[in-house]
Amino acid sequence: MRNQIFILRFSILLALLSACAPSSAGPLIRLSDLQPIEVPTSEVAPLRLAVAAVISAQGTAETYQPLLDYLSAKLGRPVELVQRRTYAEINQLIEDGEVDVAFVCTSAYVAGNDEFGMRLLAAPQVKGATVYYSYLIVPSGSPAQGMADLRGGVFAFTDPMSTTGRMYPTYLVQQLGSSPERFFARTFFTYSHDEAIRAVASGLADGAAVDSLVYDSVVSRDPALGQKLRVIHQSPPFGIPPVVVGPEVRPQLAAQVAEALMGMSEDPQGRAALEAMQIEAFVPIADSAYDSVRALLTEVGDLQP
Amino acid sequence: MIVRRVNPWFERFWAVAGAVSIRTKILGIVLGLVLLLGLGVVIQVRAALTRAMEVQLEEQSVSAASDLAARSTDLILVNDAYRLYQLLLETKANNANVRYVFILDSEARVLGHTFGEGFPIGLAEANQVGPNEHHHTLVLNTDEGPIWDTAIPIFGGRAGTARVGMTEAVVELALAAVTGQLLLTTALVSAVGIGAAVLLTWILTRPILNLARAAHAVGRGDLSHRVRRWADDEIGTLAEAFNAMTDALARAAEVQREREALRARFVSSVITAQEEERKRVARELHDSTSQSLTTLLVGLRALGDSWGSGDGQRHLDELRSVVGNTLDEVHNLALNLRPSVLDDLGLPAALERYAAECLKRYGLRVDLAIHGLDGQRLPAPVETALYRMVQEALTNVARHAQARVASVLLERHSESLRAIVEDDGHGFDATAVGLRDHRLGLYGIRERAELLGGKLTIESERGRGTTLFVEIPIPRSETQDE
């Protein structure tokens, strides 16, 4: 009988205990006692490298990480990746000197060069050339053969300032005697080329114009995605999106970075970084390479951002 | 040892449980069961609910943090602080259990949080997650109680860490609500239980109380009482057994009564026969023997007159004296056997005659007082019995009491007749002396009294004389006018 009482008491105790588990651990944290956050100041100022949102932010972060590591090793200082949603924001950062080096789109370069003296540093070389194209893509099941067949459809633009993703398709629509607002039933911005590709592949858009470099890269990484898409038009070549510096960047830093970029193909770590970005080398480039883009922008005229 | 420990407990329990009524016992059982069950259920439900809700809380915390991590990645990478802040607020607003949300960058600096002005010390460092872990959940000990803190790496930790803290307050609220409801239910069930117990008690105790009443009635001698069999249960069986017992008792009493009646009739007939025999013998003695003796006496006198001289004369005188004495004795014998005056003149006259007889024979003075019998004759058996009783009583007084005076009082009441025989003798200890053993005369008196439905009471004390009370019921109609 005594044992039974003990067992009874013990089981009640167990039941009570199990209601309290798991027990909280660690020191007491006072949630109501709020203190200002200390902002630590770093001793070494990092090199700030901006990458325009040609591809999605996460894709950019993954693709450019080897380059950041390479540059950090070469320059002997940390390199910080800066991303923004739009090309315009990146241009603003370059103009304000908030970033030192930037990978920008061609039209963003043309605009930055015109507005505040953005300078060319180098250009990636792909398939032996420093040009790229705009691909007009549709879902593989679409009967469209050209821009004319996309009338009344949904069209995905990439960035408001993108040459391949917005300027060129707008140009094509204008050539058909219309404007995107009237020509398409609806348009939207994806702010990156890979997402425009996915928008078409998923049927969200009936068509999109994308950076040929990005398209080739995405399709080579994800062949299944390529199966769902068809390129129905290729633009004339445009100067490839360059690496630029702001007008205030010290010439010595610009030269150091240019030298590090040009020397990548000679360096094992550099080659690995180039491979990650799917480019062959960084080469010098002249402003004249972007004249065709200037001509296109002039042709298209000012667009609503 | 256990037995020794248990016994005082059991005794204490029994002192309480044994002293209360069945109603209280049943109420105690019902309430005890309901309360025990209620308590057990509350404890169990609370435990189970707490476990379930904590699992849910952890899942919610992980889910909210995962969602936050996925949605904040791009915002962090493109440094969209405003939208990031909006996302944090939205995450907090979308889940009532979220106490706080914040984002640490890859350097563990706070990128955004929902605390408003300032940030709690030590919170950022309190929970850490590796870049390859999916999440890490801890229960933090805070001044607002336990907080389920989940840390999830954003973009493999390169974009930082998302942290979500869930409060247990909602668990406490739910527990309180459920506990309240369970207690209310227990209270309601207890109320119903009390009602049921009262009903049950009534059902149970009513037949028992009936049985007790019936047992009292039977104890008083009312064998006609029967109990109703309320139900087909053990108490019903008891009631049946009780009724069977009462039946058996009633039959036994009936048999007893019949035997008594038989015996009474027998005794009565014996007494009647005795009286008849005495009467016959007395008459025979009176009519035949006395006449013969008288004739003999007359003959002897005539013989003496004609032959009367000398020795012969003296011899005849002696014979005459013997015959005269014998005649007296026969007379007395006849009188004692059956005073004809009782039949002829009634009880008062017979008693007066007997009182005179006592004085003459025993030297005992008897004061006789008779009230309420003027001109009335009682039924013959009553007169005979009373006469015999008084006769027996006076004989006792004369033989044993060494009394000088005895008084006899005969009182006729409306429904009874009372006879009191008192003497001034030495008395005896009425309580110490069994009537049956030593006072056969008294036993005879009692027998006669009881045959007539009456009773005998004796009061006596050593040195204080003796009083006999005899009371015999006589319905008024049974008296006969002379």
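Analyst: This is a predicted model.

User: How many helices and strands are in chain A, and what share of its residues is buried?

Analyst: Chain A holds 12 helices and 15 strands. Among its contacts with a separation of 6 or more, 79% are between residues 24 or more positions apart. Of the 305 residues in chain A, the buried share is 50%.

User: What are the corresponding figures for chain B, and what percentage of its contacts with a separation of 6 or more joins residues 24 or more positions apart?

Analyst: Chain B has 12 helices and 13 strands. Buried residues account for 38% of its 482 residues. For contacts with a separation of 6 or more in chain B, the part from residues 24 or more positions apart is 61%.

User: Which residues of helix H4 of chain A are buried?

Analyst: Helix H4 of chain A spans residues 106-116 and is mostly covered, with 8 of its 11 residues buried. Just after this helix, A:Gly117 has a positive phi of about 75 degrees. The buried residues of H4(A) are A:Thr106, A:Ser107, A:Ala108, A:Tyr109, A:Val110, A:Ala111, A:Gly112 and A:Phe116.

User: Are helices H2 and H3 of chain B roughly parallel or roughly antiparallel?

Analyst: Helix H2 (residues 22-77) and helix H3 (residues 81-94) of chain B pack with their axes 10 Å apart, at an angle of about 170 degrees. Angles over 145 degrees count as roughly antiparallel. H2(B) is therefore, relative to H3(B), roughly antiparallel.

User: Which residues meet between H2(B) and H3(B), and how many are nonpolar, polar and charged?

Analyst: From H2(B) come B:Ala64, B:Leu68, B:Arg71, B:Ser72, B:Leu75 and B:Ile76. Across from them, H3(B) supplies B:Arg83, B:Leu84, B:Leu87, B:Leu88, B:Glu90 and B:Thr91. Sorted by class, the contact of H2(B) with H3(B) has 7 nonpolar, 2 polar and 3 charged residues.

User: Is B:Thr161 buried or exposed, and what is it in contact with?

Analyst: B:Thr161 lies in strand S6 of chain B, residues 160-167. Its relative accessibility is 16%, so B:Thr161 counts as buried. Beyond its neighbours within four places in sequence, B:Thr161 contacts B:Phe102, B:Ile103, B:Leu104, B:Val129, B:Ala151, B:Ile152, B:Pro153 and B:Ile154.

User: Where is B:Phe155, and which charged end sits over its ring?

Analyst: B:Phe155 is in the loop between strand S5 (145-154) and S6 of chain B. With a relative accessible area of 10%, B:Phe155 is buried. Phi of B:Phe155 is near 55 degrees, a positive value in a residue other than glycine. The charged end over its ring, 4.5 Å from the centre, belongs to B:Arg158.

User: What is phi of B:Ala108, and is B:Ala108 buried or exposed?

Analyst: B:Ala108 is in the loop between strand S1 (98-104) and strand S2 (110-113) of chain B. Most residues other than glycine have a negative phi. Phi of B:Ala108 has a positive value, near 65 degrees. At 51% relative accessibility, B:Ala108 counts as exposed.

User: How many aromatic pairs are there over all chains, and which residues do ring pairs link into a cluster in chain A?

Analyst: Rings count as paired if their centres lie within 6.5 Å. Over all chains the count is 17 aromatic pairs. In chain A, the cluster linked by ring pairs is A:Phe155, A:Phe157, A:Phe183, A:Phe184, A:Phe189 and A:Tyr191.

User: How far is the charged end of B:Arg206 from the centre of the ring of B:Trp202?

Analyst: The charged end of B:Arg206 sits over the ring of B:Trp202. Its distance from the ring centre is 4.2 Å.

User: What does B:Val170 touch, and how far is its C-alpha atom from that of B:Met53?

Analyst: B:Val170 is in helix H5 of chain B, residues 169-219, and is partly exposed at 30% relative accessibility. Not counting residues up to four places away in sequence, B:Val170 touches B:Met53 and B:Asn97. B:Val170 and B:Met53 are 117 residues apart along the chain, and their C-alpha atoms are separated by 9.1 Å.

User: Where does B:Ala96 lie, and what separates its C-alpha atom from that of B:Ala169?

Analyst: B:Ala96 is in the loop between H3 and S1 of chain B. At 75% relative accessibility, B:Ala96 counts as exposed. B:Ala96 and B:Ala169 are 73 residues apart along the chain, and the separation of their C-alpha atoms is 9.8 Å.

Key:
Residues are numbered from 1 along each chain as its sequence is written. Chains are lettered from A and ligands numbered from 1 in the order in which they are written. This is a predicted model: local features need pLDDT of at least 70, side-chain atom pairs count only at pLDDT 80 or more; totals for chains, interfaces and linings use all residues. Side-chain values use heavy atoms; hydrogens and water are left out. Helices (H or I, at least four residues) and strands (E, at least two) are DSSP runs, numbered from the N terminus. Buried means under 20% relative accessible area, exposed over 50%, partly exposed in between (1.4 Å probe, protein chains only). Contact means heavy atoms within 4.5 Å. Axes are lines fitted to C-alpha atoms, for helices over the stretch in contact, and angles run from 0 to 180 degrees between N-to-C directions. Angles under 35 degrees count as roughly parallel, over 145 as roughly antiparallel, 65 to 115 as roughly perpendicular and the rest as oblique. Ala, Val, Leu, Ile, Met, Phe, Trp, Tyr, Cys and Pro count as nonpolar, Asp, Glu, Lys and Arg as charged, and the others, Gly among them, as polar. Rings of Phe, Tyr and Trp (its six-membered ring) pair if their centres lie within 6.5 Å; planes under 30 degrees apart count as stacked, over 60 as edge-to-face and the rest as tilted. A charge sits over a ring if NZ of Lys or CZ of Arg is within 6 Å of the ring centre and within 35 degrees of the ring normal.
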